[in-house]
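Take a look at the fold below.

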Amino acid sequence: MIKRILLAFLGSAAVCTIFFYLHGLVLSAYEAGLPFSLLKSYTFHFVFFVIAVLIIEVVFLLNPAQLGFSYLVVVFCKLGAVVVVFKEALFDQESLAMAAKLSLIVPLLLFIVPEAIYCAKMLKKVDENVTESK
């Protein structure tokens, strides 16, 4: 379990770092300014990824049958937290530039995909355990 969590964290941190710098290079190449900090966005999503993985692991240990529902709750909480944390950038301006919209969506998708893959692997383990017990 610890090895699985550490691999998820290290892999996610590596991908996060690479995409953060690539994202920054693309923004500076197009000279696009953002109404929020790109570092804050990537840090927020990484921290929420860590929380999501820990929640998935805890639910897997306590009640594996509810793993899918708990992941669904985590995703909705994450979307709500994005709105709360980045409300100034989302609601204070009349319209966001395309670069700003993409700069909010790219990190979100970048971390939701590994969360979903992690949860799917855990669900597969639950399914294997159910199949073995029959």
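**Layout of the fold**

Of the contacts in the protein with a separation of 6 or more, 80% are between residues 24 or more positions apart. Keep in mind that this is a predicted model. The secondary structure is quickly listed: five helices and zero strands. Along the sequence the pattern reads α-α-α-α-α. The C-alpha trace spans about 60 × 25 × 20 Å along its principal axes. Of the 134 residues in the protein, 34% are buried.

Now turn to one pair of helices. H2 covers residues 38–62, and H3 covers residues 67–85. Their axes come within 10 Å and cross at roughly 160°. An angle over 145 degrees counts as roughly antiparallel, so H2 is roughly antiparallel to H3. The crossing of H2 with H3 is right-handed.

Which residues in H2 and H3 meet? On the H2 side they are Lys40, Phe44, His45, Phe48, Ala52, Ile55, Ile56, Val59 and Phe60. On the H3 side they are Leu67, Ser70, Tyr71, Val74, Cys77, Lys78, Ala81, Val82 and Val85. By class, this contact of H2 with H3 has 14 nonpolar residues, two polar and two charged.

Cys77, one of the H3 residues that meet H2, leads on to the cysteines. How many disulfides does the structure hold? The count is zero. A disulfide is a covalent bond between the sulfur atoms of two cysteines. Here a pair of sulfur atoms must lie within 2.5 Å to count as one. For cysteine 77, the nearest cysteine sulfur is that of cysteine 119, 14 Å away. Cysteine 77 is therefore in no disulfide.

Is cysteine 16 buried or exposed? Its relative accessible area is 11%. The limit for buried is under 20%, so cysteine 16 is buried. Cysteine 77 has a relative accessible area of 43%. That value makes cysteine 77 partly exposed.

Finish in helix H1, which runs over residues 2–29. Serine 12 is found there. With a relative accessible area of 8%, serine 12 is buried. What does serine 12 touch, leaving out residues up to four places away in sequence? The partners are Phe46, Phe49 and Phe111. Of these, Phe46 and Phe49 fall within the residue range of H2, the helix that crosses H3.

Methods: Residues numbered from 1 in each chain as written. Predicted model: local features only at pLDDT ≥ 70, side-chain atom pairs only at ≥ 80, totals over all residues. Heavy atoms only, no water. Axes fitted to C-alpha atoms, helices over the stretch in contact; angles between N-to-C directions. Helix = DSSP H or I, 4+ residues; strand = E, 2+ residues; numbered from the N terminus. Parallel < 35°, antiparallel > 145°, perpendicular 65-115°, else oblique. Left-handed = near helix turned anticlockwise from the far one by under 90°. Contact = heavy atoms within 4.5 Å. Nonpolar A, V, L, I, M, F, W, Y, C, P; charged D, E, K, R; others polar. Buried < 20%, exposed > 50% of the residue type's maximum accessible area, 1.4 Å probe, protein only.
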